[in-house]
Amino acid sequence: MITKKVYLFFLSVFLLHGLVVAQDTLTLERAVEKTLQQNFSIQILQNTQEIARINNTWAHTGGIPLLRFTGSATHTFVSFFDDPAEDALETKNTTNADYTQQNLSTQIALQWTIFDGFSARIQKERLEQLEKLSGGNVQVLLETSVYATILAYYSVIVQKQKMQALSYIHGLSKDRYEYQKSLQELGVATTFEVLQAQNAWLQDSAQLVLQIANYRTAIRDLQYYMADTDDVSYVFPDSFEPQHIQFNKDELLRRISTHNAEVQNKYVQIAILEQEQKLARSRFFPTLSFQSGVGYTYNSMDYGIVDPVQTDQQRVFAGLSLQYDIYSGGVRKRASQIAEIQTYIKTLELQDMLLRMYHEVEQEYELYTSRKVFYAVSREQYAAATLQYDLAQERFSLGTISSFDFRTVQMQYLQAAVQIVEARYLNILSELTLFRLTGDIIK
């Protein structure tokens, strides 16, 4: 049983050594830059935005004339089962005579919808809004990805600091275990005290192994956001500090409706539905179209017994057509009503979104205020726990406190070290959340 625990310790030391052998320093700015350049979801949406930009042309609205060329050519040979008359050549009788026919036809036609209830203009405005919406979707994803990357980056540092604290405690536990064994050899320490020190050391070893796994998991999460497929070990900072920004709650609430990307997207969605309403109303108008063009047709029939019969003609045409649906079973009216209801639904969604975000900002603002106080308290607590731990080490070496009391102080120090790290992270989390809600996360 002791052999397994010792093996666990050496395994933790090996894993920790593997983490120390890093090759590349990764700053927060570089991590965000890699995410913006390499993240696959961002690349997908950016290409979708490019499609929307390409589609945003008058050619997709039916508002520009259409010029079309058509042409055909055929060569036909016709053979009869019955023979032609014996005197066919003399009488020029083509009955039952085999013949060859050639036909050529070409045409260039112009088609233009002069008026369709302003549908083309409405369609163009709709395409512009769709392009804008696509860009807004990209902006939302950029902000979300930057937010997640920053949190993942700081999470790595948090896990690293926890690992360093556990490594420090683990080293001290090992020294204490070795110290108790030396005292036992001198006949001063009991077997119980040695076993207690050994169990504390092995417990810290197990926690260190788990924390190393947490640290590596945090790195992998960060690499996922960065779409980093390179087999590179990164070096991260040992610590970080929140900025302690003085936010103005009223200004935060005001910026939601003007700078939040999700809210701006909702405004665009409403504008698109308003265009749908206009399109539905445009179907109540008649459609006036203009067609014109030129054509040429050539035809030749050769019976072999008479001279080929050839005809050709040229034609020029132009005309107007007016189309109006007098009655369509109420389809146009229902389409208009549905578009109006959908617009109203989207307006309600916007109001609900604004209300939810106002609530989130107020809640996060109060949370940020309390977390700043919590961080200040954690700093004082960590300072006190550090001093207490140093004093406890001296007293334990002098034998004035028991191993139980020393272990208690040791755990209090570890708890304080972890708490101050988490307090820093929570401050960063609140700052980033407020930035994201007010559209300032990328700035």
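**Buried and exposed residues in a predicted model**

Arg-424 is buried, at a relative accessible area of 11% (buried is under 20%, exposed over 50%, partly exposed in between, with a 1.4 Å probe and protein chains only). This is a predicted model, in which local features need pLDDT of at least 70 and side-chain atom pairs count only at pLDDT 80 or more, while totals for chains, interfaces and linings use all residues. Residues are numbered from 1 along each chain as its sequence is written, and side-chain values use heavy atoms, with hydrogens and water left out.

Arg-424 sits in helix H10, residues 403-437 (helices are DSSP runs of H or I with at least four residues, strands runs of E with at least two, numbered from the N terminus). Beyond neighbours within four places in sequence, Arg-424 is in contact with Gln-161, Ser-239, Phe-240, Glu-241, Pro-242 and Tyr-375 (contact means heavy atoms within 4.5 Å). Tyr-154 is 270 residues away from Arg-424 along the chain, yet their C-alpha atoms are separated by 9.4 Å.

Lys-124, in helix H5 (residues 119-185), is also buried, with a relative accessible area of 11%. Not counting residues up to four places away in sequence, Lys-124 touches Asn-56, Thr-57, Trp-58 and Thr-61.

Trp-201 belongs to helix H6, residues 191-226. Trp-201 counts as buried because its relative accessibility is 5%. Between Trp-201 and Ser-72 there are 129 residues of sequence separation and 92 Å in space, C-alpha to C-alpha.

Leu-67, by contrast, lies in strand S2, residues 66-78, and counts as exposed because its relative accessibility is 61%.
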